[in-house]
Amino acid sequence: MKFSVLASGSSGNAVYVENDEHSFLVDVGLSGKKMDQLFQEIDRDIKKLSGIFITHEHSDHIKGLGVIARKYGVPIFANEKTWSAMDPLIGNVPLDQRFQFDMETVKKFGTLDIQSFAVSHDAADPMFYIFHENGKKLVLITDTGYVSDRMKGLIKGADSFVFESNHDVSMLQMGRYPWSVKRRILSDVGHVSNEDAAVAMSEVIDVKNTNIYLSHLSKDNNMKDLARMSVTQTLQSCGVIAGEYVHLHDTDANKPTELVLV
């Protein structure tokens, strides 16, 4: 199983996952033209996608969904409430491309098991995904206001995490956003901060050589260097030394990470 974080941030999100038989996209938060470009950058053919999994209906996760769905005829998977919420936003998608993926369930695609789980975010019914194959585990978890004990139990022991590290609390509090937006981001249905993400990471790391991709960084309230430093320091305070058996990686809003083996 291989994956690439094609893009991650406030402006758009998409993650590519493949094995020997299938290839999938989780979210399509950029324009159709940009998605085509990102696939070229990782030397993959977007026409060969086996399916697209949607986490929730916010525009930074579905911006290019309608265009890609119609252009390439890709099957789309989402839960019932997410389908209802995003239907008016994505245009016409043929019925034979619409598939329901219920919350807290597992779908099998050959040797690949894909598990959905609930997160806490201000969307209709947000959920993220865990990919399992041959004893390897890839977790995608962004867009959650906190990481509950239930979430930790489900994601614990992954080999690779695409983990939200959205904001620096001080930057957010002192920044230009109106207080209503700040309150929403800081709430239990907003986004996790660098420090809160790191505390959660420290409780779910259970595999040697764990790779963590710091994701969904706020353009206005975070920086890559700051996120990495904050997460490293908080992990260390929790007894986890980044660089020894935990490896932190940056993601970008406009360019993909290297396609790597889980």
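Histidine 132 lies across from lysine 137 of strand E10, where helices (H or I, at least four residues) and strands (E, at least two) are DSSP runs numbered from the N terminus, and two strands pair if DSSP finds at least two bridges between them. The model is a predicted one, in which local features need pLDDT of at least 70 and side-chain atom pairs count only at pLDDT 80 or more, while totals for chains, interfaces and linings use all residues. Residues are numbered from 1 along each chain as its sequence is written, and side-chain values use heavy atoms, with hydrogens and water left out.

The sheet that holds E10 is open and has seven strands in the order E7-E8-E9-E10-E11-E12-E13, with mixed pairing. Its edges are formed by strand E7 (106–109) and E13, each with a single partner strand, so one side of each has no neighbour in the sheet. On average, and with direction ignored, neighbouring strands of this sheet are turned by 20° against each other; axes are lines fitted to C-alpha atoms, for helices over the stretch in contact, and angles run from 0 to 180 degrees between N-to-C directions.

Within this sheet, strand E9 (residues 127–133) has six of its seven residues buried, so the rest of the structure largely encloses it; buried means under 20% relative accessible area, exposed over 50%, and partly exposed in between (1.4 Å probe, protein chains only). E9 pairs with strand E8 (residues 112–118) in the antiparallel sense over six bridges, and here isoleucine 114 faces phenylalanine 131 of E9. E9 also runs antiparallel to strand E10 (residues 136–141), to which five bridges join it, with tyrosine 129 standing opposite leucine 140 in E10. The two strands E9 and E10 make a hairpin with two residues between them, and asparagine 134 in its turn has a positive phi of about 50°.

Strand E3 (residues 23–26) pairs with strand E4 (residues 51–53) in the parallel sense over three bridges, and phenylalanine 24 is placed opposite glycine 51 in E4.

Strand E1 (residues 2–7) is mostly covered, with five of its six residues buried. E1 pairs with strand E2 (residues 14–18) in the antiparallel sense over five bridges, and is joined to E14, also antiparallel, by two bridges. Lysine 2 has a bridge partner on either strand: glutamate 18 in E2 and leucine 261 in E14. The hairpin of E1 and E2 has six residues between the strands, and glycine 9 there takes a positive phi near 155°.

Returning to H4, its buried residues are Thr82, Trp83, Met86 and Ile90. Seen down the axis of H4, these buried residues fall within an arc of 95°, so they line one face of the helix; the arc is that of the directions from the helix axis to the C-beta atoms. They pack against helix H2 (59–62), H3, E5 and E6. The face turned away from the buried side of H4 carries the exposed residues Glu80, Lys81, Ser84 and Pro88.

A helix pair comes next. The axes of helix H1 (residues 32–41) and helix H3 (residues 65–72) come within 8 Å and cross at roughly 70°. That angle makes H1 roughly perpendicular to H3, given that angles under 35 degrees count as roughly parallel, over 145 as roughly antiparallel, 65 to 115 as roughly perpendicular and the rest as oblique. In this contact, Gly32, Met35 and Asp36 of H1 meet Val67, Ile68, Lys71 and Tyr72 of H3. The residues of the contact divide into four nonpolar, one polar and two charged; Ala, Val, Leu, Ile, Met, Phe, Trp, Tyr, Cys and Pro count as nonpolar, Asp, Glu, Lys and Arg as charged, and the others, Gly among them, as polar.

Finally, glycine 239 sits in the loop between helix H9 (224–237) and strand E13 (246–250). With a relative accessibility of 53%, glycine 239 counts as exposed. Glycine 239 and serine 202 are 37 residues apart in sequence and 7.8 Å apart in space, C-alpha to C-alpha.

Key:
Contact means heavy atoms within 4.5 Å.
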